[in-house]
Amino acid sequence: MDVLCPKCQQQMQWINGDYYCPNCQQAYHQHADCPECGKPLQELKACGAVDYLCQHGHGMISKKRVKFSYSVK
């Protein structure tokens with residue numbers, strides 16, 4: 001999955017648990033938000049799989065539907 005820098009739209013690299021844009025020389029932290037209410041999702045990891053849970057009444061959210069955002073680290 002290609003992740004583009006929110007500032008320059010160049011491809012970012014995954015380094016030490018965060019994304020890094022070599023063009024901007026900036027690290028970004030990824031956030032997973034519910035597509036229904038926009039609130040942060042709880043990330044559930046088990047046996048190599050990652051699932052997302054909305055604790056605000058929307059239940060399990062498919063990774064395809066998660067809205068990812070990025071903030072400067």
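## Close-up views of a predicted model

**Figure 1. Strand β5 pairs with β6.** Strand β5, residues 49-54, meets β6 through three bridges, and the two run antiparallel. The model shown here and in every view below is predicted. Strands of a sheet pair through backbone hydrogen bonds, in either a parallel or an antiparallel sense.

**Figure 2. The sheet β4-β5-β6.** This open sheet has three strands, in the order β4-β5-β6, with antiparallel pairing. Which strands stand at its edges? They are β4 (42-46) and β6 (59-61). Each has a single partner strand, so one side of each lacks a neighbour in the sheet. From one strand to the next, the twist averages 40°.

**Figure 3. The sheet β1-β2-β3-β7.** Four strands make up this open sheet, again with antiparallel pairing, in the order β1-β2-β3-β7. The edges belong to β1 (13-15) and β7 (67-72). Each of these has a single partner strand, so one of its sides is left without a neighbour in the sheet. Neighbouring strands here are turned against each other by 40° on average, direction ignored. In a regular strand, side chains alternate between the two faces of the sheet.

Figure 4. Strand β2 covers residues 18-21, and strand β3 covers residues 26-33. They run antiparallel and are joined by three bridges. Y19 has Y28 of β3 as its bridge partner. C21 has Q26, also in β3. Four residues lie between the two strands. Among the residues of this hairpin, Q25 takes a positive phi near 55°.

**Figure 5. Strand β3 against β7.** Six bridges join β3 to β7, and the two strands run antiparallel.

**Figure 6. Cysteines without disulfides.** A disulfide is a covalent bond between the sulfur atoms of two cysteines. How many disulfides does the structure hold? The count is zero. C37 is in no disulfide, and its nearest cysteine sulfur, that of C34, is 3.8 Å away. The cut-off for a disulfide is a pair of cysteine sulfur atoms within 2.5 Å. C54 is likewise in no disulfide. The nearest cysteine sulfur to C54 is that of C37, at 3.8 Å. Is each of these two cysteines buried or partly exposed, and what is its relative accessible area? C37 is partly exposed, at 30%. C54 is buried, at 4%.

**Figure 7. K39 in the loop between β3 and β4.** K39 sits in the loop that links these two strands. Its relative accessible area is 40%, so K39 counts as partly exposed. K39 touches A32, D33, C34 and H56, not counting residues up to four places away in sequence. K39 and N16 are 23 residues apart in sequence, and their C-alpha atoms are 25 Å apart in space.

**Figure 8. The whole protein, for orientation.** The protein has seven strands and zero helices. Along the sequence, the pattern reads β-β-β-β-β-β-β. Taken along the principal axes, the C-alpha atoms fill a box of roughly 40 × 30 × 20 Å. There are 73 residues, and 21% of them count as buried. The accessible surface comes to about 5,200 Å², and carbon and sulfur atoms account for 47% of this. Of the contacts with a separation of 6 or more, 34% are between residues 24 or more positions apart.

Terms used. Residues numbered from 1 in each chain as written. Predicted model: local features only at pLDDT ≥ 70, side-chain atom pairs only at ≥ 80, totals over all residues. Heavy atoms only, no water. Pairing = 2+ DSSP bridges. Axes fitted to C-alpha atoms, helices over the stretch in contact; angles between N-to-C directions. Buried < 20%, exposed > 50% of the residue type's maximum accessible area, 1.4 Å probe, protein only. Contact = heavy atoms within 4.5 Å. Areas by Shrake-Rupley, 256 points an atom, 1.4 Å probe, with all protein chains shown as cover.
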